[in-house]
Amino acid sequence: MTFLAQKSAHFPAAASFLAGVLVTLTQGDVMPVMHVQRSIDIHAPADRVFGWVADYSTWTQWSPWLCSEPEAKVTVNNPREVGGTYAWAGTVVGAGEMEHLELVPGSRIVDELRFIKPYQS
């Protein structure tokens, strides 16, 4: 899974972000390929929003997944740089890891999402 966040050119006066989720499932020729995308406009300076989303150390403050299991174990390494990781483990949220593959300040974040439990991706 790849998470993309990029500045929208449609709202030049107010900073906005287009957040999309690209899901690709492949396992040989058996699994189908899927594309899922979602967008939202956030009326805040692009650099401020980018800073919150790109910094894995802030995710425990706003992540909707941790609302279902606040006591889940979260491990963050190099949270603001390419190669940085955010890993989680819990009985409700399962286990997995995200890694920054690309960070373009104020415009683009590309992350790889790897699920470990309950189903490995």
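Select Tyr86 and Trp88 to begin: both residues are buried, a word used here for under 20% relative accessible area, with exposed kept for over 50% and partly exposed for what lies in between (1.4 Å probe, protein chains only). Tyr86 has a relative accessible area of 4%, and its ring centre lies 6.2 Å from that of Trp88, with the planes at 40 degrees, so the pair is tilted. Rings of Phe, Tyr and Trp (its six-membered ring) are called a pair if their centres lie within 6.5 Å, with planes under 30 degrees apart counted as stacked, over 60 as edge-to-face and the rest as tilted.

Before going further, note that this is a predicted model, in which local features need a pLDDT of at least 70 and side-chain atom pairs count only at pLDDT 80 or more, while totals for chains, interfaces and linings use all residues. Residues are numbered from 1 along each chain as its sequence is written, and side-chain values use heavy atoms, with hydrogens and water left out.

Tyr56 is buried at 0% relative accessibility. The structure holds 6 aromatic pairs; in the one formed by Tyr56 and Tyr86, the ring centres are 5.8 Å apart and the planes meet at 45 degrees, so this pair is tilted. The pair links distant parts of the chain, as Tyr56 sits in the loop between H1 and helix H2 (59–62) and Tyr86 in strand E4, 30 residues apart.

Now display the strands as a cartoon; helices (H or I, at least four residues) and strands (E, at least two) are DSSP runs, numbered from the N terminus. Strand E4 (residues 85–90) pairs in the antiparallel sense with strand E5 (residues 94–104) over 6 bridges, where pairing requires that DSSP finds at least two bridges between two strands. These strands, E4 and E5, form a hairpin with 3 residues between them, and Tyr86 stands opposite Met98 in E5. Follow E5 onward to strand E6 (residues 108–117), to which E5 is joined by 9 bridges, again antiparallel. Here Glu102 has Val110 in E6 as its bridge partner, and in the hairpin of E5 and E6, which has 3 residues between the strands, Gly106 takes a positive phi near 80 degrees.

Next, select helix H1 (residues 46–54), whose buried residues are Ala46, Val49, Phe50, Val53 and Ala54. Looking down the axis of H1, you will find that these buried residues fall within an arc of 120 degrees, so they line one face of the helix; the arc is taken from the directions from the helix axis to the C-beta atoms.

Finally, colour the model by pLDDT, the predictor's confidence in each residue, from 0 to 100. The protein averages 77, and 72% of the residues score at least 70. Confidence is highest in strand E3 (residues 73–77), at a mean of 97, and lowest in strand E2 (residues 17–22), at 35. Over residues 1–28 pLDDT stays under 50, although the model has 82 contacts for them beyond four places in sequence, a contact being heavy atoms within 4.5 Å.
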